[in-house]
Structure formats: structure tokens, C-alpha cells
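Student: Please take me through one part of this model closely. Keep it brisk.

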Amino acid sequence: MIFTRGLAALIPICFAFPLYAEFLYKDDVVHNPKFAAQIESIGQELKAKTGISLYLVMVRSLEGNQSAVDLEKSLAHNLHEPFVVLSFVEAQKKVDIFARPQSLYKDFDKKQILSPSATFIGAVVTAAMFARSWDDFKEIFGNYGGTILPILAEKTKGADTVKKYSVAMYNGYSDLADQIAASHGVKLSSSAGNGSKIFLDILRLVFYGIILYALIILIRNKLRKGKSE
């Protein structure tokens, strides 16, 4: 499965997870010490090099009519600027990014990180299948490179679902941290880098390539059949 490729980045962690988790601000979903330790490592390095705190919040559900943004705003009262919050709500499969001050939004590409398509080909296929207008097509077509939602969309059962969540949120957190660091002219040694994203892109490229190939064969066969009649 695609989500298993990110587990390699979580396994070789040789240090113990600290009792106090600063950057994994809330976790009601994964409960994995190795995952928590990696998030803390990236968050600490990012804070040391840029002065920006990047928090990860994962909850099972929201209360009443509360939205993910409402959750982030309530958490913001206890956080010190500058900070960025990456949040995940399991019940709604909702992911969002919240930053303060607002000028921090220029330090990362929120649209890309939260794109439902991992690759260019994926965006083309999605646009062709779901766009209701030319404007919709252009919007979907130009939005790809997602590092969270494509993994969350994978079908899993039981314990594999929790593993999927950890890989998806690790990828997104790492991608977000890398972008913030790059905007400040520094590089993180503790993040996943581009390797995991490239691997995901290759798998998605093969998958959607097969779909496009099948569509081309189908259209060609129909055209040949039409000419022979």
C-alpha cells in the first residue's frame, strides 16, 4: 500500500520520546511514541532555526458545530506567536493549516500541501472526471502536490488505518516544516525531505498512467469499431 512507504521514515528513531510533547500539541488518534518523537525532532529544529513554532493537533471529532478553524482559534489562545498549527479531525477527515501572524501564510503553500491530488497526472484525471465547468477544470488541473489527503484517501482497515494517519500527518508536517525553513533560507536535517514525496509521486504517476492508457485503448477500439461498421 502507498501509505507504508512513509513508515520507513518513522522506524529508525533511536532516541526516547520526551515525556513532555511540545510540538505534537494534541494527539487523540495515533498514540505512537516513534511518530511523536519524530514530530518533536522536526518541530524543535524548525523553532531553533527560524523562531517559528509548528504544532500538530489530531483529534477524533469536534464538539457540536465547531469547525477545524474554531478548534485552531481556541488553541491559539494558549500559543505564542509566531506559530503554525496543522490540524486533523479523524471523524470528518478534515485537515487544515492555521497561522499567526497572518504574514506567515507566505512562508508555505497551503493550497499545495492540502491538495487532494499528489501528481500532475492525478490532477488532470480528477479534473476530467469531476469538473463541472471550465473554471472548475482549471482550478483542479492547476492544484496538485498534496502530501496529506492523497494518503488519507487510501482504503485501509483496522490498525492499518492508524498507520495511514501517522504517515499522512508526518508527511504533511514535514512538508510544511521544510517550506517554512526554506522561506527563511535554512534546511532541516530532521525532516523527510523530498524523498518520500518523490516516491509517492512515482506511484501515483504509474497508477494514473495505467488509467490513461486504458482510456486511450478504449477510445481507439471504439473509433476502429465505428470505422469498420
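Tutor: A quick one to begin: is S166 buried or exposed? The model is predicted, so local features need pLDDT of at least 70 and side-chain atom pairs pLDDT 80 or more, while totals for chains, interfaces and linings use all residues. Residues are numbered from 1 along each chain as its sequence is written, and side-chain values use heavy atoms, without hydrogens or water.

S166 is buried, with a relative accessible area of 3%. Buried means under 20% relative accessible area, exposed over 50%, and partly exposed in between (1.4 Å probe, protein chains only). S166 sits in helix α7. A polar atom of its side chain lies 2.7 Å from the backbone oxygen of K163.

Helices (H or I, at least four residues) and strands (E, at least two) are DSSP runs, numbered from the N terminus.

Now α1 itself. It has 18 residues, 33-50. At 1.5 Å a residue, α1 should span 26 Å, and its end C-alpha atoms are 25 Å apart, which agrees. The expected span is 1.5 Å times one less than the number of residues. The buried residues of α1 include F35, I39, I42 and L46. At its start, a side-chain oxygen of N32 comes to within 2.9 Å of the backbone nitrogen of K34. After α1 comes G51, with a positive phi near 80°.

Next, β2. Seven of its seven residues are buried. S53, Y55, V57 and V59 point one way, and L54, L56 and M58 the other. In a regular strand the side chains alternate between the two faces of the sheet.

β2 has partners. Three bridges join it to β1, in parallel, and K26 stands opposite V57. Strands pair if DSSP finds at least two bridges between them. With β3 (residues 83-89), β2 pairs in parallel over seven bridges. There, V59 stands opposite V89. The chain reaches β3 from β2 through helix α2 (residues 68-76), a right-handed β-α-β crossover. Right-handed means that, with the strands pointing away from the viewer, the path from the first strand over the helix to the second runs clockwise. The β-α-β unit of β1, α1 and β2 is left-handed.

Conventions: Polar contact = N/O pair within 3.5 Å; in protein donor to acceptor, adjacent residues only side chain to side chain.
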